[in-house]
Amino acid sequence: MFKSGFVSIVGRPNVGKSTLMNNVIGEKIAIMSDKPQTTRNTIQAVYTNEDCQIVFLDTPGIHKPKTKLGEFMVSQATDAFKNVDVVLFVVDESKKIGPGDKKIMEDLRNIKTPVVLVINKMDLIEEADLFNLMKLYNEEGIFKEIVPVSALKGRNVKELLKVIEGYLEEGPKYFPDYMITDQPERVLVSELIREKVLHFVHDEVPHGVAVEIERMKFREDKNIIDISAVICCERSSHKGIIIGKNGRKLKGIGKSSREDMELLLGAKVNLQLWVKVKENWRNSQNYISNFGYNDK
């Protein structure tokens, strides 16, 4: 009997949701960063083996929004509670249940979908503390199962997949075996650039960055893809930070982005990057939609 179903991954920002999904798929589908609110859109990734197909929905971290973009991100995450077969609620190794986790659990109490708690970063917590944390969450009475994992190191991820499969019913293959995401290449490329910006710059700048792909053309005769992209930020001072002294930071962003793109696309990449200021774009519904942050 072949099983299939949809699984949403929810949780606070920066608990490792994207890292977990990338580990399951075996490819970098969602960008990763140690900065909160890295994921902005719900990303669909597909895991297929001989017995089942699991379609994962990686969602933005649930937080208290301060901008229209933040409101969109939170709505994306909470919408992912609906019309799925399993919800994975990911928390980290924090030894107490924080207010953010409590708020999400209140929302989860109101759904009939099976909820599996995933305690990530198990390698960073002592065994006794991990046991106490599992006991603490179990007392909430809303989790069908509790599975500790290390998404970064891949520990217990296979066991988590077995748990998920146990809650799926007989169903079809929604996607062909070779397909691992529904994200277009242009989106993956723009997100790779944004990931590098997150790694190269600090403080408030990363939250005010979006990336537009202006041109993406494959030159078959030379096996080269020409990509032109614009990094958009909210202030002139941020533009200077992203470019860096003598353009060094922007060159670093470009070099690192190009290396990942070539792995993703299987071809040489000629990447051209520019930086533009679009003031306060995170509170502009027009800009938010233009950058692809809209309900499909």
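Q: How many salt bridges does a search of the whole structure find?
A: The search turns up 15 salt bridges. This is a predicted model, in which local features need pLDDT of at least 70 and side-chain atom pairs count only at pLDDT 80 or more, while totals for chains, interfaces and linings use all residues. Residues are numbered from 1 along each chain as its sequence is written, and side-chain values use heavy atoms, with hydrogens and water left out.

Q: What makes Glu 191 and Arg 194 a salt bridge?
A: The term asks for a side-chain nitrogen of Lys or Arg within 4 Å of a carboxyl oxygen of Asp or Glu. The closest N and O atoms of Glu 191 and Arg 194 are 2.9 Å apart, so the pair qualifies.

Q: Why is Arg 194 called buried?
A: Buried means under 20% relative accessible area, exposed over 50%, and partly exposed in between (1.4 Å probe, protein chains only). Arg 194 has 2%, so it is buried.

Q: Why is Glu 214 called partly exposed?
A: Its relative accessible area is 47%, so Glu 214 is partly exposed. Glu 214 forms a salt bridge with Lys 276, their closest N and O atoms being 3.9 Å apart.

Q: Why is the pair of Tyr 137 and Phe 143 called edge-to-face?
A: Rings of Phe, Tyr and Trp (its six-membered ring) pair if their centres lie within 6.5 Å; planes under 30 degrees apart count as stacked, over 60 as edge-to-face and the rest as tilted. Here the centres are 6.2 Å apart and the planes are at 70°, so the pair is edge-to-face.
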